[in-house]
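Student: Could you take me slowly through one part of this model, and tell me how that part sits within the rest of the chain?

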Amino acid sequence: MANHEGGRTCPKCGMNLGQKHLCPVCDNRQISLQDTPEQTRGGRTCPKCGMNLGQKHLCPNCDTPESGHEDRVGGGGAYSASVEAVKSCLTRLEDQENADRIQTYRQGAEQGNAASQYNLGTCYYNGTGLAKDLSEAVRWFRMAAERGCVDAQSALGRIFFLGEGVERDKSEAVKWLRMAAEQGKAAGQYLLGMCFFKGEGVERDVPEAFRWLRMAAEQGDADAQEFLGMCCFSGTGVAKDVPEAVKWWRMAAEQGKADAQYYLGVCLYKGDGVNKDVSEAARWFRSASAQNMPDAQYLLGVCCFKGEGVRKDDSEAVKWWRMAAEHGNADAQSLLDQLQM
């Protein structure tokens, strides 16, 4: 391998290694980098095993068909980097890391480690590094939850609440969600609050619902913040309080919740519960519109058409109205129909 500024380059991906002997990009568990033997008889040498290939383009000894052999520049220059080769190296490295991680999780899980059981269940749940298997995920989550793992308790509660891989069982969901909530898990507090609010799996208790929802919201749970905002705005279960609604919606909006971004934008646009600010309203409408929120797309179109908070631009208005109509907004479709008359 040709030296580059006193160092080496990886024969597989072309990365400059300096004085390193192993490439951090390539699968260095299998490929130990050495100085590449010089070409003989005008042919090529395999950068992986050093075999003289003559005029062949693939090495019969190597097991990586993606490692094609390129002509060496100037009889001794470094191999040019290949995007495909780098991607292949990174994919193989990631696969190997996932396999190693899962093996570690499985060893710990089989020895009764709750964190490993939860992590292994998560791999099965998401299909990370192995085939997705909700039944197997539930099995490992249950083991971890029974050992007090709060993340597993929350996950198991959500699974029973939604009926993912198991028969839907709100009572079982409440049991696990309560355990997680009492340990301070915000996601568990939010779902437990919703169970109390709707009377699912437990007797309906609105004050108890808001107690848990507020705990979750104060810990930064965006779903709880958004829901509290809706309740405060409409006076559902609590006294109507628009400024309080704006407070919770702003928190949720800043975490990317599209509905909260839209509702906050409406309040700013109208000056309801907050000082009127059409520029900020348009900014939140745009954020929600980027997430395909049709009502936000409609109002962003209105802002563009009227030049409120943004530069007046009829074509931009039509663009947003068309997108809103495609997502089912009747007001946007009505405006488009009028424009075509």
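Tutor: The protein chain has 14 helices and 4 strands, where helices (H or I, at least four residues) and strands (E, at least two) are DSSP runs numbered from the N terminus. This is a predicted model, in which local features need pLDDT of at least 70 and side-chain atom pairs count only at pLDDT 80 or more, while totals for chains, interfaces and linings use all residues. Residues are numbered from 1 along each chain as its sequence is written, and side-chain values use heavy atoms, with hydrogens and water left out.

Let us look closely at Gln153, which lies in helix α4 (residues 150-162). Gln153 counts as buried because its relative accessibility is 3%, buried meaning under 20% relative accessible area, exposed over 50%, and partly exposed in between (1.4 Å probe, protein chains only). Once neighbours within four places in sequence are set aside, the residues in contact with Gln153 are Ala145, Gly148, Trp176, Leu177, Met179, Ala180 and Gln183, contact meaning heavy atoms within 4.5 Å.

As for the rest of the chain, 43% of its 341 residues are buried. Among contacts between residues at least 6 apart in sequence, 41% join residues at least 24 apart.
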